[in-house]
Amino acid sequence: MKKIFLITVVFLNLLSLSSCDNELELDNPNTLTTTQYWATESDAQAGINSVYAMFYKDGLWARWIYFRLDLTSDEGYSQSPWIELADWTRFNYINYNFWEGNSVTWRDTYKAIFRCNQVIANVPKIEFKNEDDKKKILAEAKFLRALHYYYAAILWENIPIVLEPSTPNDRPEQKNITEVWTQIEKDLNDAYTDLPTEWAGDQTGRPDKGAAKGMLAKVYMQQRKWTEAKVALEYLISGAGAKYSLVANYRDNFTAVNENNNESVFEIQFGDQRKGGTDEGPSAAVSSNRAQFFAPRSIGWSDGQARFWLVDAFKKEKNKNGGLDIRLKYTLFYPDLLADFGDKTYNKTWQWGTEAWFRKGSRDYYRDNEDYYSQVNYRLIRYADILLRYAEVLNETGNTAGAYQYVDIVRARVNLTTLKLAHPEIGNDKAKFLERLKMERVLELAGESVRWEDLKRWGDLDSQAAVDKISLRDPDFKNFKVGKNQRLPIPQVEVDNNPNLSQHPEY
């Protein structure tokens, strides 16, 4: 069952600002104050629901964050006629205040964090009939704060940590990424304690203990804390939280059919029942724009597309029946889609030359174009990712032989032979296993917003030799500056307005 969090809350008008904005504070007799608002359980519930509403904002999972996580990686690129937009996917950062490429994601990230902080600061004083309900709300807020800080750390690294509700005069201090990771770990561990193992059906979409452990695994792995990551992953695979499994049909992870299934560890709930914009209000959309911006020309805006090397990668290995990897069919639109699988592209015969486009999350089975209102949920963490991460952790902790079986579970769903049979040259060589695992992650997870963090975790952005290798499949990386472009510049207006915030020195 799918639950979309439809939010109309008064308190959003109380104070809604980036942590580093300098805004006027005006009294409005028609608006409640914070002291008037936070009084009842329903206030608390509306407050936490408002945090979920941030998923539907332009800077985050409605639109622009995909340009940072998917198109900046070697999986995607942009040929948008909007030159500045395309430049921000190929490391040409001139205007650090570029709204669509940088500033709006920073703003919406800290706006989401602000809402979490309101809940964490104000809900403890509210009387609840059941104290466990209060604990759950606070745990949700900590999980969501950690999630937003995680992606901020992936994108900008050294950032302010704001843990109290902001005021217009606040000038939060910038922290090293190590401190950011520590805070994220704390929030997720605190959240895990009070989150339920599962929610009732009408609360689908809220994080549970498994989601907290899944996020913890990601955080630990980015720091190469392999032992801690192993413990977090084992909760999901063999421990108390081992309730997940792969769905039989790979495609079910990327359409509005069979959402919130057994493979989903945490997914963002989208719907197309409201056709408004992304501002606050009763008609505000709760949908995703990703498909509109990533659809082929004449079908959507076509500002982002896939690198063709992905098509070639899928075709290097046949399945047990001598056929193509079925994941290719549901991952990409490409010239031979009709010949290979009998599928047209949005009911159209191919007309896009030798290009490729992302198919995951598209609605091509329902229509012949796209718009701003895609109802397809975004699976932020799914079990296939968890299994491949566990294989990576086992390999890093000296158990390469034990890692094979977890890759094989993922391969078996799409009728591929075991990894050992397909690639006997790997043996128990740690480096060779990791190199193959990198490809296994591409084949399973391409276009799912994990590649950028993968490249950072593997150290593939840390040396010129590694970047040169990437540039062979993605020419945009010829612009990549080692020691600089692994993180975004901080929006300059934030630096200018906050004496405690410094631009990254390489910018």
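This is a predicted model: local features need pLDDT of at least 70, side-chain atom pairs count only at pLDDT 80 or more; totals for chains, interfaces and linings use all residues.
Let's start with Thr-105, which sits in helix H5, spanning residues 99-122. Its relative accessible area is 1%, and buried means under 20%, so Thr-105 counts as buried. The side chain of Thr-105 comes to 2.8 Å from the backbone oxygen of Gly-59. Gly-59 is also among the residues that Thr-105 touches, once those up to four places away in sequence are set aside. Leu-60, Trp-64, Leu-155 and Trp-156 complete that list.

Next comes Phe-341, found in helix H13, which covers residues 337-341. Is Phe-341 buried or exposed? With a relative accessibility of 18%, Phe-341 is classed as buried, because the limit for that class is under 20%. Apart from neighbours within four places in sequence, Phe-341 contacts Leu-324, Asp-325, Ile-326, Leu-328, Lys-329 and Tyr-334.

Finally, have a look at Tyr-365, in the loop that links strand S7 (357-358) and strand S8 (378-382). Tyr-365 is partly exposed, at 41% relative accessible area. Together with Val-257 and Tyr-366, Tyr-365 makes a nonpolar surface patch of about 290 Å².

Here are the accessibility values side by side:

| Residue | Relative accessible area | Class |
|---|---|---|
| Thr-105 | 1% | buried |
| Phe-341 | 18% | buried |
| Tyr-365 | 41% | partly exposed |

How values were computed
Residues are numbered from 1 along each chain as its sequence is written. Side-chain values use heavy atoms; hydrogens and water are left out. Patches are made of residues with over 30% relative accessible area and no salt bridge: like charges are joined within 9 Å, nonpolar side chains (Val, Leu, Ile, Met, Phe, Trp, Tyr) within 5 Å. Accessible areas come from the Shrake-Rupley method with a 1.4 Å probe; for residues, only the protein chains shown count as cover. A salt bridge is a side-chain nitrogen of Lys or Arg within 4 Å of a carboxyl oxygen of Asp or Glu. Helices (H or I, at least four residues) and strands (E, at least two) are DSSP runs, numbered from the N terminus. Buried means under 20% relative accessible area, exposed over 50%, partly exposed in between (1.4 Å probe, protein chains only). A polar contact is a pair of N or O atoms within 3.5 Å; within protein, one must be able to donate a hydrogen and the other to accept it, and residues adjacent in sequence count only if both atoms are side-chain atoms. Contact means heavy atoms within 4.5 Å.
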